[in-house]
Amino acid sequence: MNPLRRKRLSKIALNTTATLVFLFAVFPVYWMIATSFKDNDQIFTTEFVPFPTHFTFEHLTKVLTEGVAGNSIWLYLRNSAIVALGTVLVGSMFALLAATAVARFRFKGRTSFLIALLMAQMIPAEALLIPLFLSVKRLGLYDQLLGLIVVNVGLTLPFGIWMLRTFVAAVPKSLEEAAWIDGASRMTTFWKVLFPLVAPGLVATSIFSFITAWNELIFALILMSDSSGYTMPVALQYFFGQRGTDWGAIMASSTLMTIPVVIFFLLVQRRMVSGLVAGAVKG
């Protein structure tokens, strides 16, 4: 076969595969959004309805006006935003400092610490329910959003440290040494030299931490008894009742729940590009 023709066929096959994977990943999101604008007759029909033929805002209006469990849906969105952003800010700070220490310094127990990080990621979150619940109670953080933030930071920190360690280790130490020779302090070197270069890794860990905290259900359900402190995943459980499931309201609430995640990703994606450019200039 002609090499040019073979290359063209290979490119077509790769593009086709990528398109199929993209459609497979996007279809559930599309179905969620489309269902939120369908009336109940279209939702519960046995026929396949790919598009809402009778476009309605009934479910979205119901969620926004009636709320869930006696509270406004905006309260649950606010609680989720506080927990997710708090997890990102606190977790990213500790992860960056720990990753820098592990990548730049040689100390006793360093290898054991890295192994412990891997082992922590292997433990199912469900196995930590009782010890974390007792710890949160003893700290006086039960039924508080701060308790959820602390728990989510603990869950996402091992992954964040492990990922950022690779980014920090990839930065040539000669750049920091050059800054020290020019009279820069360690703190100045950290913020002016190291931080811009590891910013893309920090963005990647922030996205992981945000999505993990935003979608977390089990600990938010266990550590919150007051409905005013519920996050969105917990609030969605109220649409599953003994008399049936309100799929329209679930899809409408899930659509609203997806919007902040998309906005956060777009914001940090822009920062990731600027971090790459800044790092290239300083290097």
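Which residues does UniProt list for "transmembrane region"? The unreviewed entry gives 12-33, 81-102, 114-134, 146-168, 189-211 and 247-268; these positions follow the numbering used here, with feature names shortened, and such annotations may be inferred rather than shown by experiment.

Before selecting anything, note that this is a predicted model, in which local features need pLDDT of at least 70 and side-chain atom pairs count only at pLDDT 80 or more, while totals for chains, interfaces and linings use all residues. Residues are numbered from 1 along each chain as its sequence is written, and side-chain values use heavy atoms, with hydrogens and water left out.

**Two of the listed spans**

Select residues 12-33, a span that is 100% helix and 0% strand, with its end C-alpha atoms 31 Å apart. Then select residues 189-211, where the chain is again 100% helix and 0% strand and the end C-alpha atoms lie 31 Å apart. Helices (H or I, at least four residues) and strands (E, at least two) are DSSP runs, numbered from the N terminus.

**A nonpolar patch and an aromatic cluster**

Next, show L20, F22, L23, V26, F27, Y30, F48 and F51, which make a nonpolar surface patch of about 850 Å². A patch of this kind joins nonpolar side chains (Val, Leu, Ile, Met, Phe, Trp, Tyr) within 5 Å, taken from residues with over 30% relative accessible area and no salt bridge, whereas like charges are joined within 9 Å; the areas come from the Shrake-Rupley method with a 1.4 Å probe, and for residues only the protein chains shown count as cover.

**Aromatic pairs**

The whole structure holds 15 aromatic pairs, where rings of Phe, Tyr and Trp (its six-membered ring) pair if their centres lie within 6.5 Å, with planes under 30 degrees apart counted as stacked, over 60 as edge-to-face and the rest as tilted. Select F37 and F57: their ring centres are 5.5 Å apart and their planes stand at 85 degrees, so this pair is edge-to-face. F37 lies in the loop between α1 (3-36) and α2 (40-43), and F57 in the loop between α2 and α3 (58-66), 20 residues apart. F37 is buried at 17% relative accessibility, whereas F57 is partly exposed at 47%.

Moving to F190 and W191, you find another edge-to-face pair, 5.2 Å centre to centre with 85 degrees between the planes; F190 is buried at 13%, and W191 is partly exposed at 45%.

**Charges over rings**

Select W162 with R165, which lies over the ring face at 5.3 Å from its centre, and then W180 with R186, whose charged end sits 4.6 Å from the ring centre. A charge sits over a ring if NZ of Lys or CZ of Arg is within 6 Å of the ring centre and within 35 degrees of the ring normal.

**Salt bridges**

How many salt bridges does the structure hold? There are two, each a side-chain nitrogen of Lys or Arg within 4 Å of a carboxyl oxygen of Asp or Glu.

Select D246 and K62, which meet at 2.6 Å, N to O; D246 is in the loop between β2 (244-245) and α12 (247-282), K62 is in helix α3, and the two are 184 residues apart. Finish at R104 and E176, whose closest N and O atoms are 2.5 Å apart; R104 is in helix α4 (residues 73-104) and E176 in helix α8 (residues 173-181), 72 residues apart, and both are buried.

Technical notes
Buried means under 20% relative accessible area, exposed over 50%, partly exposed in between (1.4 Å probe, protein chains only).
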